[in-house]
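My notes follow in the order I made them.

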Amino acid sequence: ARTIRLSGVTTADKRAALAARADGVINGLSLAKGGRVTAGEVVMTLEAAEAEAQARIAEITLAQRDSDLERATRLFAGGNVPEIEVTNARSAREAAAAELARAQAAVDRQRLTAPFDGIVDTLDVELGEWVLTGAPVATILALDPIVVMAEVSELDLASVVVGAKARVQLVTGAELEGTVRLVAREASAQTRTVPVEIALPNPDLALSA
């Protein structure tokens, strides 16, 4: 047996820069620097009275168009109206359904959700602040597992495989056992080394990137 020694750095498993999806005033904010978030959690909401009203109007319109289509279909079956009446009623119903979907999408854009479990690294907004579409909101890091990025020489490449165990010594002197999760398929043209990723369990988020 032999030991291959590599130097590397710890990085987050995932990193996401959250941005506002619509213009508006922040009326709900459940983000705090260093705080944790869970996947799918609503972390920010904007005032949405107008968007919600438009969605309600679209719901009422669709209900009316459904009724019109049902009536036209019934009358056509009885021979009281031409087929064009049914076609027009169906087109109006489809247009109303599309408008409702558009209005519901506008309401959904007033809410911002966390894409994965993680920790808030930076926070760029405050409650009550006006934001524009695309404005930075926060940076979320996933730190479990934490990833050690290193590079292995081409000479040692055959000895490093996905799933192999790796002993990692941190700058603090602590030693942990991780698992090789990636061996890149292309070497650097300058250094002739290949990037390697080692995943370390970090359930208490004690290790930082």
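This is a predicted model: local features need pLDDT of at least 70, side-chain atom pairs count only at pLDDT 80 or more; totals for chains, interfaces and linings use all residues.

**Sheet and cores**

I found 5 strands in it, in the order 1-10-13-12-11, with antiparallel pairing. I then looked up its edges, which are strand 1 (8–11) and strand 11 (165–169). Each of these two pairs on one side only. For the twist I noted an average of 40° from one strand to the next.

I followed strand 1 to its partner. Strand 1 and strand 10 (residues 146–153) run antiparallel and are joined by 4 bridges. I looked up T10 in particular and found V148 of strand 10 as its bridge partner.

Next I turned to the nonpolar cores. Which residues of the largest one touch the most other members? I have L31, M44 and V137 for this, out of 21 residues in that core. I listed the strands that each supply at least two residues to this core: strand 2 (14–19), strand 5 (42–46), strand 7 (118–123) and strand 9 (136–142). Strand 9 gives the largest share, 4 residues.

I came back to V137 for its contacts, leaving aside neighbours within four places in sequence. My list has L18, A19, A20, L31, M44, L112, T122, L123, D124 and V125. Both L31 and M44 are in that list, and I had already noted L31 and M44 beside V137 as the residues that touch the most other core members.

Note on methods
Residues are numbered from 1 along each chain as its sequence is written. Side-chain values use heavy atoms; hydrogens and water are left out. A nonpolar core is a set of buried Ala, Val, Leu, Ile, Met, Phe, Trp, Tyr and Cys residues joined through side-chain atoms within 4.5 Å. Buried means under 20% relative accessible area, exposed over 50%, partly exposed in between (1.4 Å probe, protein chains only). Contact means heavy atoms within 4.5 Å. Two strands pair if DSSP finds at least two bridges between them. Axes are lines fitted to C-alpha atoms, for helices over the stretch in contact, and angles run from 0 to 180 degrees between N-to-C directions.
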